[in-house]
Amino acid sequence: MKENTSLAEKVALSCRILAKLGLFKETTGHVSGRHRPQQMLIRGRGPNETGLLFTRPKDIVLADLDGQILKKKTGLKPPNEACIHGELYKARPDVSCVVHAHPPSVVLCSMAGIELRPIFGGYDPNSMRLSLKGIPVYDSSLTLNTKEQVHAMQKVMGESDICVLRGHGLIVVGSSIEQATVTAIKVDTLAKMNLQAASLANVPSIPDEDIKEFQQRTGRGNSSAEGLWKYYCEWLAKG
């Protein structure tokens with residue numbers, strides 16, 4: 001029970017952090033954590049919800065990987081897009097958290113066809129490195145309410161930890177709630193910078209020699225997901 005409670009607290013914290021940063025809109029979007037191999041704790045939807053910014057552990061529901069609720073809570077049920085989380089957990093045993101968010105920066109870049117390029121370096125190396133791996137874009141802007149729709153998205157996502165949904169939002173997976181949350185934040189940073197740069201005319205990517213140097217520095221001096229998670233938890237508490 002204690003493990004269950006701790007995971008629900010982290011899922012709720014992730015929701016509040018990402019919402020305060022503007023990656024969620026009102027009541028739409030969700031975070032989940034793998035509870036057991038075939039179960040997940042996921043932010044619930046329904047008449048008793050108050051929105052992502054105000055998510056508490058009581059708003060997190062227990063479901064199986066087919067999105068069926070396992071412990072009923074009055075006024076709450078798994079979201080219609082719970083299949084995104086369930087199918088990713090089924091396909092990726094390494095994944096312990098799934099974030100589905102709607103950052104305006106990512107949505108606008110996807111609508112305008114703005115590629116998320118490595119246009120900065122030392123400003124935020126962790127964010128920049130995401131662009132070096134390539135970020136797949138799924139062309140449909142529909143909500144993913146069926147397993148078939150999720151499977152089509154997974155074909156585009158492949159083994160990446162990130163998939164942009166054109167005109168819709170973002171899916172991020174991670175080995176922990178901390179990792180997935182921080183990755184979502186870093187994608188948002190990358191998108192914001194590319195969106196602003198697009199208004200300044202032809203902003204080039206950083207030089208190839210800089211990219212090679214950054215790649216050789218992998219693991220040196222990087223801010224850990226755990227460290228950044230602690231920062232955002234403190235930021236949220238004092239906000």
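Helix H4 (residues 125–133) packs against helix H6 at an angle of about 80°, and their axes lie 9 Å apart. Helices here are DSSP runs of H or I with at least four residues, strands are E runs with at least two, and both are numbered from the N terminus. Axes are lines fitted to C-alpha atoms, for helices over the stretch in contact, and angles run from 0 to 180 degrees between N-to-C directions.

The model is predicted, with local features needing pLDDT of at least 70 and side-chain atom pairs counting only at pLDDT 80 or more, while totals for chains, interfaces and linings use all residues. Residues are numbered from 1 along each chain as its sequence is written, and side-chain values use heavy atoms, leaving out hydrogens and water.

## Exercise 1: H4 against H6

Work out how H4 and H6 are oriented to each other, and which residues make the contact.

**Step 1.** Start with the angle classes: under 35 degrees is roughly parallel, over 145 roughly antiparallel, 65 to 115 roughly perpendicular, and the rest oblique. With an angle of about 80°, H4 and H6 are therefore roughly perpendicular to each other.

**Step 2.** Now look at the contact (heavy atoms within 4.5 Å). H4 brings Asn126, Ser127, Leu130 and Ser131, while H6 brings Thr183, Lys186, Val187, Thr189 and Leu190.

**Step 3.** Sort these residues by class: the contact of H4 with H6 has 3 nonpolar, 5 polar and 1 charged. Ala, Val, Leu, Ile, Met, Phe, Trp, Tyr, Cys and Pro count as nonpolar, Asp, Glu, Lys and Arg as charged, and the others, Gly among them, as polar.

## Exercise 2: inside H4

Which residues of H4 are buried, and what covers them?

**Step 1.** Buried means under 20% relative accessible area, exposed over 50%, and partly exposed in between (1.4 Å probe, protein chains only). In H4, Ser127, Met128, Arg129, Leu130 and Ser131 are buried.

**Step 2.** The cover over the buried residues of H4 includes strand E6 (162–165), H6 and H7.

**Step 3.** Zoom in on Ser131, which counts as buried because its relative accessibility is 11%. Leaving aside residues up to four places away in sequence, Ser131 touches Leu116, Arg117, Pro118 and Leu190.

**Step 4.** Finish at the end of the helix: Gly134 follows H4 and has a positive phi, near 85°.

## Exercise 3: H3 against H6

Describe how helix H3 (residues 104–112) meets H6 (residues 177–198).

**Step 1.** Their axes are 8 Å apart, at an angle of about 50°. H3 and H6 are therefore oblique to each other.

**Step 2.** The crossing of H3 and H6 is left-handed; a crossing has that name if the near helix is turned anticlockwise from the far one by less than a right angle, and is right-handed if clockwise.

**Step 3.** From H3 come Ser105, Val106, Leu108 and Cys109, which meet Val187, Asp188, Ala191, Lys192 and Leu195 of H6. By class, the contact of H3 with H6 has 6 nonpolar, 1 polar and 2 charged residues.

**Step 4.** Pick out Ala191 of H6. At 0% relative accessibility, Ala191 counts as buried. Not counting residues up to four places away in sequence, Ala191 touches Ser105, Val106, Cys109 and Leu116.

## Exercise 4: H2 against H5

Find the angle and the handedness for helix H2 (residues 82–91) and helix H5 (residues 147–157).

**Step 1.** H2 and H5 pack at about 55°, with axes 9 Å apart. This angle makes H2 oblique to H5.

**Step 2.** H2 passes H5 in a right-handed crossing.

**Step 3.** On the H2 side, Cys83, Ile84, Glu87, Leu88, Lys90 and Ala91 make the contact, and on the H5 side Lys147, Val150, His151, Gln154 and Met157 do. The contact of H2 with H5 divides into 6 nonpolar, 2 polar and 3 charged residues.

## Exercise 5: the nonpolar cores

Which residues touch the most other members of the largest nonpolar core?

**Step 1.** A nonpolar core is a set of buried Ala, Val, Leu, Ile, Met, Phe, Trp, Tyr and Cys residues joined through side-chain atoms within 4.5 Å.

**Step 2.** In the largest core, of 45 residues, the answer is Leu18, Phe24, Val31 and Val99.

**Step 3.** A second, separate core has 22 residues, including Met40, Ala63, Cys163 and Val173.

## Exercise 6: a loop residue

Is Glu26 buried or exposed?

**Step 1.** Locate Glu26 in the loop between helix H1 (2–20) and strand E1 (30–36).

**Step 2.** Glu26 counts as exposed, because its relative accessibility is 60%.

**Step 3.** Check the backbone too: Glu26, a residue other than glycine, has a positive phi near 55°.
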